[in-house]
Amino acid sequence: MSVRNLERLLHPRSVAVIGASSRAGALGQPVLENIIDSGFEGAIFAVNPKQVELEDEWWVASVEDLPMAPDLAIIVTPAATVPEILSQLGAKGTRLAVILSAGFHDPVLRQRMLDAARPHLLRVVGPNCLGVLLPHAKLNATFAHRNAQPGGLALVSQSGALVTSMIDWAQDRRVGFSGIVSVGDMADVDLGDLIDLFAADPATNAIALYVEGITEPAKFMAAARVAARTKPVIVLKAGRSSAAAAAAISHTAALAGAWDVHQAAFRRAGMVAVESLTDLFDAAQVLANPVPRRGRRLAIISNGGGPGILAVDQLAATGGKLARLAPETLTLLDAALPTGWSRANPIDVIGDAHAERFAAAVRAASHDPGVDAVLVIHCPTALASGAEIAEAIVEQQRNSSILRSKPLLACWLGAGNADAARAIFADTKTPVFDNLDDAVRGFGYLIAADDARTALLRTPAQPSAPDGATPAAMAVIETARRDGRALLTAPEAKAVLVAFGVPVTPSRFAPDVAAVADACGALAPPYAVKVVSPTITHKSDIGGVILGLPDAEAATEAALAIREKIREVMPDASIAGFEIGEMVDTSGCRELLVGIADDAQFGPVIAVGAGGVDVELIGDRVLGLPPLDDVLARDMLDRTRIARLLAAHRGRDAADSGAVATVLQALSALCAELPDIVELDINPLLVGPKGAVALDARIRITPQPVQSRMVLRAVPTQWSADLMTRSGVKLHVRPVLPSDEWVLAAFFQNVSDEDKRFRFLSAVHEVGHERLAAMTQVDYRRTINFLAFAEDGTLVATAMLAAAGDKSRAEFAISVHRAWKGKGISWTLTDHLLHYARSEGIRALESLESRENHAAITLEREFGFRTLPCDESPSEVIARKELA
């Protein structure tokens with residue numbers, strides 16, 4: 001669905017516990033006690049036919065007896081009673097329930113629960129969950145053993161046990177939460193809904209997720225990409241099982257394990273993926289508070305040479321760099337440190353350093369323009385306590401805006417040493433670690449969050465296939481379907497690749513041994529002969545490939561030998577014929593694998609890595625979700641191990657990595673155009689200095705035509721259009737791109753202050769980066785921003801539409817260049833938006849308008865919009881048009 005009726009989760013005014021109890025051992029007893037003890041200031045109702053003996057709390061025997069509709073219902077009754085309770089709550093007016101009860105394994109009971117909630121638009125968190133903990137609302141509606149402190153971290157977990165562990169960890173490290181939600185079975189409210197909720201929550205600075213399974217991948221990806229643009233999203237995925245690979249027919253599918261696909265999806269969504277619970281804790285500690293992120297150059301300060309060197313050793317794995325200190329910084333440090341200090345980074349303040357020396361080093365390093373962040377390492381000594389040093393550094397942070405503008409991480413070696421410092425550093429929200437590995441990785445999480453956000457700028461256009469490619473490929477696929485085959489022959493697979501622009505080796509098909517010589521006549525020797533069979537997957541494993549044949553006679557003999565060998569080792573195999581191909585000069589070439597696999601959750605996934613017969617043993621592959629552009633394709637290739645071998649080395653010329661990127665983009669187009677292909681293998685893709693060529697290919701198709709399962713939507717270039725206003729102004733309209741930020745910035749300089757006030761419903765003189773990013777870095781599943789250009793290329797208007805996750809409604813806003821007002825541009829763009837909204841299945845279109853914006857209200861009424869009062873702001877109205 002969406003965040004509809006979830007808003008009250010963060011700030012409920014009243015809570016009812018259905019099944020509350022004062023009896024020890026009942027689940028309702030600790031839940032009610034936790035709510036009371038947490039200091040919730042709203043009304044609390046205990047609902048139970050048996051009297052609940054707790055002072056000052058409302059006890060009622062049934063939902064019908066409640067004096068009001070509670071904002072939030074917590075249900076702890078047996079599973080069989082839940083559907084009726086939801087019906088009663090919905091009728092009362094409650095729109096949000098958290099079901100802690102377990103026992104919904106019966107799909108019939110689960111559906112009855114959902115059916116009871118649906119007519120009332122009552123949202124359900126759970127069932128089978130720990131509950132919700134909302135520190136800013138002073139509400140602990142869980143059966144956890146302790147409360148959490150308020151702060152900036154939102155935790156969404158599919159494991160209740162992990163929630164209780166996280167609360168313990170956070171208490172020790174003084175990390176606070178904006179909200180904790182145990183999602184349980186996610187019958188209704190899922191991960192995507194809660195990411196949306198916390199992304200819009202001003203009290204949330206970062207979101208941490210523990211994921212076991214994702215129910216709606218497209219919605220999850222859309223929500224994560226929106227959230228990660230404004231705040232870090234940390235994710236830990238459980239489960240690395242590769243059991244499903246055993247059933248795969250291609251190398252690509254065998255290599256594309258479910259856990260690895262999730263990691264590729266997380267990367268594309270701009271999330272910071274971690275691999276262990278400890279990593280989740282550490283990343284949360286660093287990212288839970290709004291810290292400035294500037295770059296990857298780190299200054300290291302230590303009172304011991306060894307720890308500083310070890311930190312440098314760890315730094316390379318994070319993508320960080322050791323900062324080069326400026327001469328002015330060295331001069332400041334010379335004055336503050338003893339003779340013989342390191343005079344370089346790491347800054348060794350010497351083992352006898354007192355607090356003043358640490359503080360001086362921190363001050364000098366932070367003021368260096370070549371330093372992006374500072375890591376301070378304290379080794380315990382008898383000369384100065386770690387607490388004294390921490391206090392001196394915190395005093396520097398309080399008094400220096402420059403120091404506060406750069407991230408500072410503290411590593412107080414030893415658990416006791418770190419514990420003493422945490423209480424002091426909590427005042428400036430400085431993360432504290434007790435060992436070097438975690439501290440340096442902590443800096444790496446800052447880099448990862450920055451890199452993830454930067455990656456979101458990549459929004460490829462809809463992949464374009466060559467003219468005629470899709471019909472040509474579909475003809476091949478339909479032929480195989482008529483024959484009852486799911487596996488294309490190698491010649492058929494190559495025909496599909498050729499249609500999409502992938503170079504292949506010249507080859508001919510021979511239906512039997514007698515036809516081999518004729519096939520050779522159209523090719524240049526030497527030859528390769530390969531069996532063509534719908535039942536043989538890996539031809540080379542059973543002697544189905546013979547290479548380097550000098551003439552037609554040798555090729556014929558090879559085909560005969562292959563036939564006899566297969567009859568011997570696979571007597572039931574069906575032989576359709578033989579593929580005769582020209583041999584390729586492999587000198588100076590490298591063998592790669594590229595391909596497509598179909599993931600049960602995320603749809604088509606593209607793979608690239610080392611190829612050849614040992615591909616699965618080597619295990620070198622990188623996965624990516626389509627659509628891809630050249631930058632994303634090259635990034636995938638660069639992250640493989642074989643990428644280093646593509647560079648020139650030891651007298652070998654560099655291989656054409658650009659040709660590999662082009663093949664990957666062709667596979668991206670193939671994913672978009674041909675969802676019928678569920679597995680594709682090019683192994684090997686031979687890459688040399690002059691290009692790439694597919695030597696062998698394998699494709700598996702669906703038995704029947706299917707719809708696209710791509711979870712990422714490309715830039716919808718099909719909605720680009722040349723339009724004309726009613727006054728004759730010609731416009732070129734296209735969807736916004738992330739690279740349009742500066743174009744939009746210049747445009748808004750030519751929008752009047754009054755129109756900017758109407759657009760943003762507040763006084764805005766200059767439209768800043770955050771607003772511009774929200775208008776250019778959009779997720780096209782939910783949001784579109786059309787830019788309208790005049791014939792001379794001037795941007796004259798923007799029209800933005802943002803839809804709810806369930807498409808129940810969308811809000812739009814239009815701005816026009818001051819010199820182009822009064823020419824019918826707003827009318828034309830509103831019409832364009834209406835066509836787009838209807839095509840997307842959006843059920844209602846709305847615009848929030850100032851009552852003073854008479855021109856917009858008049859135009860909207862011309863299109864049939866109704867004007868409704870805005871309850872939140874009497875100075876504004878809502879223009880609404882039902883579309884379905």
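This is a predicted model: local features need pLDDT of at least 70, side-chain atom pairs count only at pLDDT 80 or more; totals for chains, interfaces and linings use all residues.
**Helix α17**

Helix α17 covers residues 469–482. Its 14 residues should span 20 Å at 1.5 Å a residue. The end C-alpha atoms are 20 Å apart, which agrees.

Which residues of α17 are buried? They are Ala469, Thr470, Ala473, Val476, Ile477, Ala480 and Arg481. These residues cover an arc of only 140° around the axis, so they lie on the same side of α17. An α-helix has 3.6 residues a turn, so residues three or four places apart point the same way. Pro471 and Arg482 sit on the other side of α17 and are exposed.

What do the buried residues of α17 pack against? Two of the partners are helices: α18 (490–499) and α24 (657–673). Two are strands: β27 (677–688) and β29 (697–701).

**Pro150**

Pro150 belongs to strand β9, residues 150–157. Its relative accessible area is 45%. Pro150 is therefore partly exposed, since that class runs between 20% and 50%.

Which residues does Pro150 contact, leaving aside neighbours within four places in sequence? They are Pro135, His136, Gly176 and Phe177. Lys138 is twelve residues from Pro150 in sequence. In space, the C-alpha atoms of Pro150 and Lys138 are 8.5 Å apart.

| Helices | Axes come within | Crossing angle | Hand |
|---|---|---|---|
| α4 (residues 160–173) and α9 (residues 277–287) | 11 Å | roughly 45° | right-handed |
| α25 (residues 741–748) and α27 (residues 769–776) | 10 Å | roughly 120° | right-handed |

Take α4 and α9. Their axes cross at roughly 45°, and the two helices are therefore oblique to each other. From α4, the residues that meet the partner are Leu162, Ser165, Met166, Trp169 and Arg173. On the α9 side they are Leu277, Leu280, Phe281, Asp282, Ala284 and Gln285.

Now α25 and α27. The axes of α25 and α27 cross at roughly 120°. That angle makes α25 oblique to α27. Glu741, Leu744, Ala745 and Phe748 are the residues of α25 at this meeting. α27 brings His769, Leu772, Met775 and Thr776.

Note on methods
Residues are numbered from 1 along each chain as its sequence is written. Side-chain values use heavy atoms; hydrogens and water are left out. Helices (H or I, at least four residues) and strands (E, at least two) are DSSP runs, numbered from the N terminus. The expected span of a helix is 1.5 Å times one less than its number of residues. Buried means under 20% relative accessible area, exposed over 50%, partly exposed in between (1.4 Å probe, protein chains only). The arc is that of the directions from the helix axis to the C-beta atoms. Contact means heavy atoms within 4.5 Å. Axes are lines fitted to C-alpha atoms, for helices over the stretch in contact, and angles run from 0 to 180 degrees between N-to-C directions. Angles under 35 degrees count as roughly parallel, over 145 as roughly antiparallel, 65 to 115 as roughly perpendicular and the rest as oblique. A crossing is left-handed if the near helix is turned anticlockwise from the far one by less than a right angle, and right-handed if clockwise.
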